[in-house]
Amino acid sequence: MKSQPIVGAALFRTVMEAAGYRCQCAGECGNPHAKGEGRCPHEHDHYTSKHGRLVRLMAAPADPLASDVAAARVPAGALRAWCPDCHTAAARRARTTAPVGDAPGLFDL
């Protein structure tokens with residue numbers, strides 16, 4: 001592994017070793033990942049394609065909508081390796097499919 005964060009390196013390394021240095025998205029982003037047999041094929045410190053960019057995985061909670069404070073409290077065993085593309089898409093998808101709270105209507109008095 002070439003790169004790792006300075007802060008929390010031990011935690012990051014634990015999560016990455018458990019994930020095999022590969023993104024653990026299994027379709028939560030909306031992509032079935034057919035080429036990766038149901039799991040995102042992006043690996044840490046590898047390029048996305050011949051002309052792609054370098055992938056830097058991150059250790060984040062399985063729930064992509066977790067706040068920063070909640071994410072800081074999650075133990076290493078509950079963290080997953082995410083590539084930025086999958087994490088962003090999974091959070092966007094979770095926001096759009098989340099149930100809407102019981103809010104009063106415009107004309108309810």
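Where is the place of His87? His87 sits in helix α3, residues 84-97. Helices here are DSSP runs of H or I with at least four residues, strands are runs of E with at least two, and both are numbered from the N terminus.

Before going on, the basis. This is a predicted model, in which local features need pLDDT of at least 70 and side-chain atom pairs count only at pLDDT 80 or more, while totals for chains, interfaces and linings use all residues. Residues are numbered from 1 along each chain as its sequence is written, and side-chain values use heavy atoms, with hydrogens and water left out.

Back to His87. His87 is buried, at a relative accessible area of 17%. Buried means under 20% relative accessible area, exposed means over 50%, and partly exposed is in between, with a 1.4 Å probe and protein chains only. Leaving aside neighbours within four places in sequence, His87 is in contact with Met58, Ala60, Pro64 and Trp82. Contact means heavy atoms within 4.5 Å.

Next, helix α1. This helix covers residues 9-19, and its buried residues are Ala9, Phe12, Val15, Met16 and Ala19. Seen down the axis of α1, those buried residues fall within an arc of 130°, so they line one face of the helix. The arc is taken from the directions that run from the helix axis to the C-beta atoms. The face of α1 turned away from the buried side carries the exposed residues Ala10 and Ala18. What covers the buried residues? The cover includes β1 and β2, the latter being residues 79-82. After α1 comes Gly20, with a positive phi near 70°.

Now the core. A nonpolar core is a set of buried Ala, Val, Leu, Ile, Met, Phe, Trp, Tyr and Cys residues joined through side-chain atoms within 4.5 Å. The largest one has 18 residues, and Cys23, Cys25, Leu57, Cys83 and Cys86 touch the most other members. Two or more residues of this core come from each of α1, β2 and α3. The largest share, 4 residues, is given by α1. Take Cys23: beyond its neighbours within four places in sequence, its contacts are Arg39, Cys40, His42, Leu57, Ala81, Trp82, Cys83 and Cys86.

Then the loop between α1 and β1, where β1 is residues 58-61. Gly30 is in this loop and is partly exposed at 47% relative accessibility. His33 is not a glycine, yet its phi is positive, near 50°, and His33 is buried, with a relative accessible area of 6%. Asp45, in the loop between α1 and β1, has a positive phi of about 65° although it is not a glycine either.

How many salt bridges does a search of the whole structure find? The search finds 3. A salt bridge is a side-chain nitrogen of Lys or Arg within 4 Å of a carboxyl oxygen of Asp or Glu.

One of them joins Arg80 and Glu28, with the closest N and O atoms 3.3 Å apart. Arg80 lies in strand β2 and Glu28 in the loop between α1 and β1, so the pair ties together parts 52 residues apart in sequence. Arg80 is buried at 15% relative accessibility, whereas Glu28 is partly exposed at 33%. Arg80 also lies over the face of Trp82, 4.8 Å from the ring centre. That call requires NZ of Lys or CZ of Arg within 6 Å of the ring centre and within 35 degrees of the ring normal.

Another bridge is Asp45 with Arg56, at 3.6 Å between the closest N and O atoms. Both Asp45 and Arg56 are in the loop between α1 and β1, 11 residues apart. Asp45 is buried at 12% relative accessibility, and Arg56 is partly exposed at 41%.

In the remaining case, the side chains of Arg53 and Asp85 meet at 2.7 Å, N to O. Arg53 is in the loop between α1 and β1 and Asp85 in helix α3, 32 residues apart. Arg53 is partly exposed at 42%, and Asp85 is partly exposed at 38%.
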